[in-house]
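Welcome! Take a look at the structure below, and then we can walk through it together, topic by topic.

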Amino acid sequence: MQSKFLESDFFCEKRILLLGINRIQSRPTFQHVKDYDAMLEQFKAVGIDEIHFVSICDFLLFDQVMVKLAPHSKSTQLSAPDDITALQDFLGKKGHHKFLKEYWQFVAVVDRGQVEFYADQPFGGKFGPDTRVNIYSHLWPEKMLEWLTEKSI
């Protein structure tokens, strides 16, 4: 994670769609990332400046894979426990005890450093990298686009 990630320009000066992903090597994550990235222009049309993915996976090729999967979006891999705690505090998540440890699927709209909307995927247990289970079924990009358009979610 970059130093001062939560104070960076894109957090403080923009309205971003922040997505927590895990298992970058899994088919569901590949598709989830590609779907959001492909819809960037639609998100921009409803007031989103950037899409940013964040993960704690220890996949060595994370940066190279993300550039190919989401060439129009940004991504950050968290590494230090303090970074995870800071993000947890920022999102105000008080739910599942494994949030931001083993449980990473979430989406948030962050408007100039303030969380405007937050949703996470119900915890379904651990899945291996070869999973075919849709671990993002509650966080479809179409749902977020609907909320941003109609504020209806």
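Tryptophan 104 sits in the loop that links helix H5 (81-91) and strand S4 (106-111). Keep in mind as you read that this is a predicted model. Is tryptophan 104 buried or exposed? Its relative accessibility is 1%, and because buried means under 20%, tryptophan 104 counts as buried.

**Around tryptophan 104**
- Apart from neighbours within four places in sequence, tryptophan 104 is in contact with Gly20, Ile21, Asn22, Val54, Ser55, Ile56, Leu78 and Leu87.
- Take isoleucine 56 as an example: 48 residues separate it from tryptophan 104 in sequence, while their C-alpha atoms are 8.3 Å apart in space.

**Around methionine 39**
- Methionine 39 is found in a loop too, between helix H2 (27-38) and helix H3 (40-45).
- With a relative accessible area of 10%, methionine 39 is buried.
- Setting aside neighbours within four places in sequence, methionine 39 touches Pro141, Glu142 and Leu145.
- Glutamate 142 is 103 residues from methionine 39 along the chain, yet 8.9 Å separates their C-alpha atoms.

**The sheet**
- Five strands make up an open sheet with mixed pairing, in the order S3-S2-S1-S4-S5.
- Why is one side of strand S3 (74-77) and of strand S5 (114-120) left without a neighbour in the sheet? These two stand at the edges and each has a single partner strand, so one side of each has no neighbour there.
- On average, neighbouring strands of this sheet are turned by 20° against each other, ignoring direction.
- Strands of a sheet pair through backbone hydrogen bonds, and they can do this in a parallel or an antiparallel way.
- S4 and S5 run antiparallel and are joined by six bridges.
- Alanine 108 stands opposite tyrosine 118, which belongs to S5.

**Helices lying across the strands**
- Helix H4 (residues 62-69) lies across strand S2 (50-55) and S3, and runs at about 160° to S3.
- H5 lies across strand S1 (15-20), S2, S4 and S5, at about 70° to S4.

**The whole chain**
- How many helices and strands does the protein chain have? There are six helices and five strands, and along the sequence they follow the pattern α-β-α-α-β-α-β-α-β-β-α.
- The protein chain has 153 residues, and 44% of them count as buried.
- Among contacts with a separation of 6 or more, 65% are between residues 24 or more positions apart.

Terms used. Residues numbered from 1 in each chain as written. Predicted model: local features only at pLDDT ≥ 70, side-chain atom pairs only at ≥ 80, totals over all residues. Heavy atoms only, no water. Helix = DSSP H or I, 4+ residues; strand = E, 2+ residues; numbered from the N terminus. Buried < 20%, exposed > 50% of the residue type's maximum accessible area, 1.4 Å probe, protein only. Contact = heavy atoms within 4.5 Å. Pairing = 2+ DSSP bridges. Axes fitted to C-alpha atoms, helices over the stretch in contact; angles between N-to-C directions.
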